[in-house]
There are 2 protein chains.
Amino acid sequence: PKRQRGKIVGFALRLKELGKDDPRKIIHSFKVGLALTLVSLFYYFKPLYEGFGLAAMWAILTVVVVFEFSVGATLGRGLNRMLATLTAGALGIGAHRLATLSGETGEPILVALFVFIIAGIVTFLRFIPQIKARYDYGMLIFILTFCLISVSGYRDEEVIEMGFERLSSIVLGSCASVVVCTFICPVWIGVDLHNQIATNIEKLGIFLEGFGDEYFKISEDGQPINKSSSLQRYKSVLTSGSKEESMANLARWEPCHGKFRFRHPWKEYLKVGNVTRQCAFKIESLNNYLTSEIQSPPEVRNIIKGECTVISSECGKALKELASVIRKMTESSAAELHITNSKAAAEKLKSVIRSSLCKHGDYLEIIQAGAVAS
Amino acid sequence: PKRQRGKIVGFALRLKELGKDDPRKIIHSFKVGLALTLVSLFYYFKPLYEGFGLAAMWAILTVVVVFEFSVGATLGRGLNRMLATLTAGALGIGAHRLATLSGETGEPILVALFVFIIAGIVTFLRFIPQIKARYDYGMLIFILTFCLISVSGYRDEEVIEMGFERLSSIVLGSCASVVVCTFICPVWIGVDLHNQIATNIEKLGIFLEGFGDEYFKISEDGQPINKSSSLQRYKSVLTSGSKEESMANLARWEPCHGKFRFRHPWKEYLKVGNVTRQCAFKIESLNNYLTSEIQSPPEVRNIIKGECTVISSECGKALKELASVIRKMTESSAAELHITNSKAAAEKLKSVIRSSLCKHGDYLEIIQAGAVAS
């Protein structure tokens, strides 16, 4: 029992950690509870209950499935669900009517055939990357609604009524989700993406600013530094690609908010993110020099020390400047100044040692990346 | 109209491309159609229809939502759905009974409270990374079923009957999906993961094998090579991390198949994948030397040419050997031989130039990575 208690305490601590880490997650949990409670109240008000009937169940289902952490995701799923239900419902009623025309025995065969064909085609369409990115959920709901409507073996008018009930309750559920999600402490995924891009650039800047000092410090000690240094925070940038992409896809659903317009150029963020990642790869290779067991001899280091430190710290400052420019959405020429400084230092370095060291090639490329990122 | 026709033709060509690229996707689409048709037949056989009633709708819904591309994903979703429905149904019936005890007016308030609390807590639990990785879908279904069962304002025995119907039709739908997915041309995500790891290592091997020749060829021409070379295939390895992780999570659901046992050590694949990625980062920095505008002078190159070519081609052979060993799941000592060769060449290189070039540090690390990967 003692060991079990330890486990439970550890679990509770982890939960607390999670909540502290991002309080928006706690708020989100409350919001889901609230939206569900609101929708479930429809069951208890008689006039409403009679209007929706059993279909009110679909409203609850919709809230559970549609309500996501960010506004963009919720809106995307809600719109997908409503549109797909509408089109698939219409198509399903058509298929059902066509099938009933063919008589008692022909009906099940024809319906089965329709279901097979439509489900197969739409499933295949889901593999197309562009559709998968934005309309995957809608495609799923399309198959679902089409099957439900066309298969259910009722009379015509009942099918139409059923389709209408289903549609109206899904609209109700989606709207409830979107309203609660948007108006109570909204989480804009666009803002998250914006901040993440800036933070990533900043991390690289911090690394570069510290790199020069760090590198020439080891040359004096002769010992590689430990790997858990604060400079290593840039590592997360290396693998952030797929996350940024899905965030940009969701952000495209969001309406105008804060400093962002509708149809904000989210794709540009991806480009900046990619350049940042290219830069991170180069920084990774610079980092290898820090942790490498073989270090170049002190005399060589002393020749290049001054310029290299200037280059890397100026690059770092330029990147940090860029990050703050992005964060505040202003324009500034300070970054360009830093880049000019570091380019000048690089030229000097080149003239000092035209001979053997291959390292300044890397530096130059970083400067190029920095220049592109602006 | 001509432009529109061009668009449609382009779309059709893209679909054809997609099908050619991976024929399993076409087969998958047929399988989904088949599973749905099978389940929808339940509506047409009277005895079965009376047994399930309206709840048969849930079976169709289950198939649409549960049927995924790979066996692992389908099994995972199916099990999640069944377990979550079972536990949430039991809990929901309990909550409903508790609420009815408190009389006409107390009932809606109490139910609303239950829904709010349970939905909030479970939504928060979904943020825990370990739960998100494997049980996210189950948590969603848990909230859904709990709300549906506890909210529906029927009498006790009807609620129990409803829960039972729902559960049995969900079991039916899940089983149909799993059976069709597993026994008709199954797609094992474990096999995919296994092959991807091997392919990634192979790509690095191909790069290293060609790198030495390529690098010293430019020293003769003095021109950097073009970037679209076949050596650049390794780039995809840099960003494969999150995909591998989700594949491993899904693979853990799969039963014994082919050469893989149940509880196959999928986590080891992630470790190998990580080492491979580390190695790819180092290769990225080597690649920078190829495309860099500043190249070291020919006299330096000639000193190191022989040994460097041996190191990189031996490393490449070792990695390719490792890839084929993984692919065939056999043991082989050929890779170690290549590593020994390249280590010897590296030692020679070190003794030749103890002075200025910092490049062999990189090589050594690659050899280490290669050794770890075995």
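This is a tour of a predicted model, one selection at a time.

Residues are numbered from 1 along each chain as its sequence is written, and chains are lettered from A and ligands numbered from 1 in the order in which they are written. In this predicted model local features need pLDDT of at least 70, side-chain atom pairs count only at pLDDT 80 or more, and totals for chains, interfaces and linings use all residues, while side-chain values use heavy atoms, with hydrogens and water left out.

**Chain A as a whole**

Select chain A and colour by secondary structure. There are 15 helices and 0 strands; helices are DSSP runs of H or I with at least four residues, strands are runs of E with at least two, and both are numbered from the N terminus. Of the 374 residues in chain A, 53% are buried. Buried means under 20% relative accessible area, exposed means over 50%, and partly exposed lies in between, with a 1.4 Å probe and protein chains only.

Show the surface of chain A next. Its accessible area is about 17,600 Å², and carbon and sulfur atoms hold 62% of that. The areas come from the Shrake-Rupley method with a 1.4 Å probe; for residues, only the protein chains shown count as cover.

Select residues 2-21 of chain A, helix H1. H1 has 20 residues and spans 28 Å from first C-alpha to last, close to the expected 28 Å. The expected span is 1.5 Å times one less than the number of residues.

Move to residues 71-101, helix H5 of chain A. This helix has 31 residues and reaches 45 Å, close to the 45 Å expected. After H5(A) comes Gly103(A), with a positive phi near 85°.

In soluble globular proteins, nonpolar side chains tend to be buried together.

**Rings**

Select Phe124(A) and Phe127(A), both buried. Their ring centres are 6.5 Å apart and their planes are at 65°, so the pair is edge-to-face. Rings of Phe, Tyr and Trp (its six-membered ring) pair if their centres lie within 6.5 Å; planes under 30 degrees apart count as stacked, over 60 as edge-to-face and the rest as tilted. One aromatic cluster is formed by Phe69(A), Phe124(B) and Phe127(B).

The arginine lies over the face of the tyrosine, 4.0 Å from the ring centre. In chain B, the charged end of Arg77(B) sits over the ring of Tyr137(B), 4.0 Å from its centre. The rule asks for NZ of Lys or CZ of Arg within 6 Å of the ring centre and within 35 degrees of the ring normal.

Select Ser70(B), in the loop between helix H4 (56-66) and helix H5 (71-101). At 4% relative accessibility, Ser70(B) is buried.

Gly76(B) lies in helix H5 of chain B and is buried, with a relative accessible area of 5%. Its C-alpha is 9.2 Å from that of Ala251(B), 175 residues away along the chain.

End at Cys279(B), in helix H12 (residues 266-291). Cys279(B) is buried, at 5% relative accessible area.
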